[in-house]
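Keep the cut-offs in view along the way.

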Amino acid sequence: MSQFQQTVRIEGMSCASCVRRVEKALATVPGVAHAAVNLATETARVDSDAPVAFAALQQAIGKAGYAASELAAPAADSAPRIPEGLAVILSAALSLPLVVPMVAEWFGVHLMMPAWLQWLLATPVQFVFGARFYRAGWKALKARAGNMDLLVALGTSAAYGLSVYLALAPSQGMAHLYFEASAVVLTLVLLGKWLEARAKRQTASAIRALQDLRPVTARVRREGEPDADLPIDQVQVGDIVVVRAGERVAVDGEVVDGASHVDESLITGESLPVAKHVGDRVTGGAINGEGLLLVRTSATGAETMLSRIIRLVEDAQSAKAPVQKLVDNVAAVFVPVVLVIAALTLAGWWLASGDVEQAVINAVVVMVIACPCALGLATPAAIMAGTGVAARHGILIKDAEALEMARQVDTVVFDKTGTLTQGKPVLAQLLPHGVPAARALQLAAAIQRGSEHSLARAVLDAEAAAGVAAAGASVPLAASAVTTLAGRGLAATVDGLQLLLGSGRLMAERGVALAPLQQCASELEASGHTISWLADAGSMQSLGLLAFADQPKQHARAAVERLHARGIATVMLTGDNQGSAQAVAQALGIGSVEANLLPADKTTVIARLKAEGKRVAMVGDGINDAPALAAAHVGIAMATGTDVAMNAAGITLMRGEPLLVADAIDISHRTFSKIRQNLFWAFIYNVAGIPLAALGMLNPLLAGAAMAFSSVSVISNALLLRRWQPSKE
């Protein structure tokens, strides 16, 4: 991935051909490694290995015939323009009288409007309301390329020009004019673009909803000063922020005083308010309930969880899916091919019938119906809608590639602790050997002090519950020379003793005698407990075993069953012992288990499954899961875990809810179903319409209506994804 990224707003694009041309222009800028243009968002994401000046990008886009501006800046007003809605209304008002005689003809009523009046009505539509097509078409011509605007401008100009010629040419009677064709086609295209713009704004509603959560001020309490409302950019890490009942939490932080319920639904998708007490973390953008909270700030601005979520969604919506390559290849030659077909239609009809009027009109119909608007919108509109609705329900999809790959998954690999289980183990039993139980607990707690591992917290909680006095000491023991043995445990010196605390694998590697407690350990493992051993590294004797219990998450079994119902196999990987792992797997209905694994071993298992032809998704939450998340076809991280895991994953679940795994796969399937439908309709409009137009079986009005509403239908179909809901268990 390139080190630097810029997002540029682009004005004037109308179809897939425009996208292709802007990307080619940006690729010529020195330093640009890759550029991806999104027609639905009207933006370009530019990747580079070194900073590239915006002016250079702007110049390249300008040469291609489009206007560029920085995303943070307000859109530039290059010239006063009539609002799109008003332009449609005025254009329709001028075009309607031109259509009345044609409609009356269907009922046997013959009406004929004077040629000068038809010209008077059609001319403002052609050159005032249709000026945008001439401007964009001329820019495309100067760039030696073609786009939708060029086809519309050429087609309607041909119909208008033919009508002017027939009106001025001497004839025996009143010639049939085609002013209504040019005027109505332009009106329908303008209507389609207006409806398209409105629909595109709806596809971006998820981003706007998240951006609206950003508070602009925070009430800050600083020592020796009264509470003050400060702009959010003046709040510093460590500041105490006061969050009153009903207010939005302004920063990420930790509750240091107070208790309340917080509504995090728009961030995590959790429908019910979550109880918050001292020590709990809160996320900026959430809404405080009934209580007053004092929050110590841990992140502000771009570093907050909300800002990171917005960036992820924006990246996903601006990225291109691999399937888009097909569209890009078609768009590269589409407009030139259409112009050739229109020229052949004109020549063929003229030579075959000698009727120049009919030849021109059929060529016009070819150019009008072939406009590739829908083709350019088919994929990005669906991706925007799919990633947007997923984000609203707590599923963050990092890029379009992860979204596309998720639908192909046939094997889901789960980490155990914190993913399928609560991740909050408790010390269920402590069996000492050669030392009092209180002494063994005190030694184990000393080694674990300072560790963030879930088993360490369980030991420290047990020590706190038992009380230091029970061990006969006034203060807790301290450990020195603490060494982490990856995937195995810890080594440390405590109270003059060289100690080991960790798995049976570690004890076997060091030659520690476990026989006195081995039978008890086997029985506890078989009942689903996780075992850690405490040993004296000097005498190579065990000092006791610690048995931990960690309950499966509430919906873990239902999540596994949903995956099986979709025909997806499940595998559980864990560094835990075989007995404990097997007990959890059996309780949850997981098909395959591999235990006693180191972090590197998990990656090896993922590689083996991929070598067997499996499409693998890895679900995890810890630092030790990051290599496996990166190695899988799709990494799915729990946001309740570590930042390292989230950064390595393509999909992040904002709640530690296993059911969301099946939901992520489901929204991927549905999104790409919409993409296939959209591409089918976009292609069918042209594949069916162009031959019919060339054969003279369509009239300009019908062609204009079909072209105008093709893009609207594609976006409307994509917007149906907004009705998607995750499963309710």
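In helix α21, the residues Lys602, Val605, Ile606 and Leu609 are buried, where buried means under 20% relative accessible area, exposed over 50% and partly exposed in between, with a 1.4 Å probe and protein chains only. These four cover an arc of only 100 degrees around the axis, which puts them on the same side of α21; the arc is that of the directions from the helix axis to the C-beta atoms. An α-helix has 3.6 residues a turn, so residues three or four places apart point the same way. The face of α21 turned away from the buried side carries the exposed residues Ala600, Thr604 and Ala611.

The model is predicted: local features need pLDDT of at least 70, side-chain atom pairs count only at pLDDT 80 or more, and totals for chains, interfaces and linings use all residues. Residues are numbered from 1 along each chain as its sequence is written, and side-chain values use heavy atoms, with hydrogens and water left out.

What covers the buried residues of α21 includes β15 (411-415), β22 (569-573), β23 (592-594), β24 (616-620) and α22 (626-631), contact being heavy atoms within 4.5 Å. Helices (H or I, at least four residues) and strands (E, at least two) are DSSP runs, numbered from the N terminus. The length of α21 can be checked: its 13 residues (599-611) should span 18 Å at 1.5 Å a residue, and the end C-alpha atoms are 19 Å apart, which agrees. The expected span is 1.5 Å times one less than the number of residues. Just after α21, Gly613 takes a positive phi of about 90 degrees.

The next topic is aromatic rings. Rings of Phe, Tyr and Trp (its six-membered ring) pair if their centres lie within 6.5 Å; planes under 30 degrees apart count as stacked, over 60 as edge-to-face and the rest as tilted. By this rule there are four aromatic pairs. The ring centres of Tyr160 and Phe179 are 5.5 Å apart and the planes are at 70 degrees, so this pair is edge-to-face. It links distant parts of the chain, 19 residues apart: Tyr160 lies in helix α6 (residues 148-168) and Phe179 in helix α7 (residues 179-203). Tyr160 counts as buried at 9% relative accessibility, and Phe179 is buried at 0%. Ring pairs link Phe127, Tyr134, Tyr160 and Phe179 into a cluster.

Phe680 and Trp681 also form an edge-to-face pair, with 5.2 Å centre to centre and 75 degrees between the planes. Phe680 is partly exposed at 46% relative accessibility, and Trp681 is partly exposed at 46%.

Six strands form an open sheet in the order β6-β5-β7-β13-β8-β11, with antiparallel pairing; two strands pair if DSSP finds at least two bridges between them. The edge strands, β6 (228-231) and β11 (281-282), each pair on one side only.

Strand β5 (residues 217-221) has a covered face, Ala218 and Val220, and an uncovered one, Thr217, Arg219 and Arg221. Four bridges join β5 and β6 in the antiparallel sense, and Ala218 stands opposite Leu230 in β6. The hairpin of β5 and β6 has six residues between the strands, and in this hairpin Gly224 takes a positive phi near 80 degrees. Three bridges join β5 to β7, again antiparallel, with Arg219 opposite Val242 in β7. Strand β7 (residues 240-243) in turn pairs with β13 (residues 293-299) over four antiparallel bridges, and the bridge partner of Val242 in β13 is Leu294.
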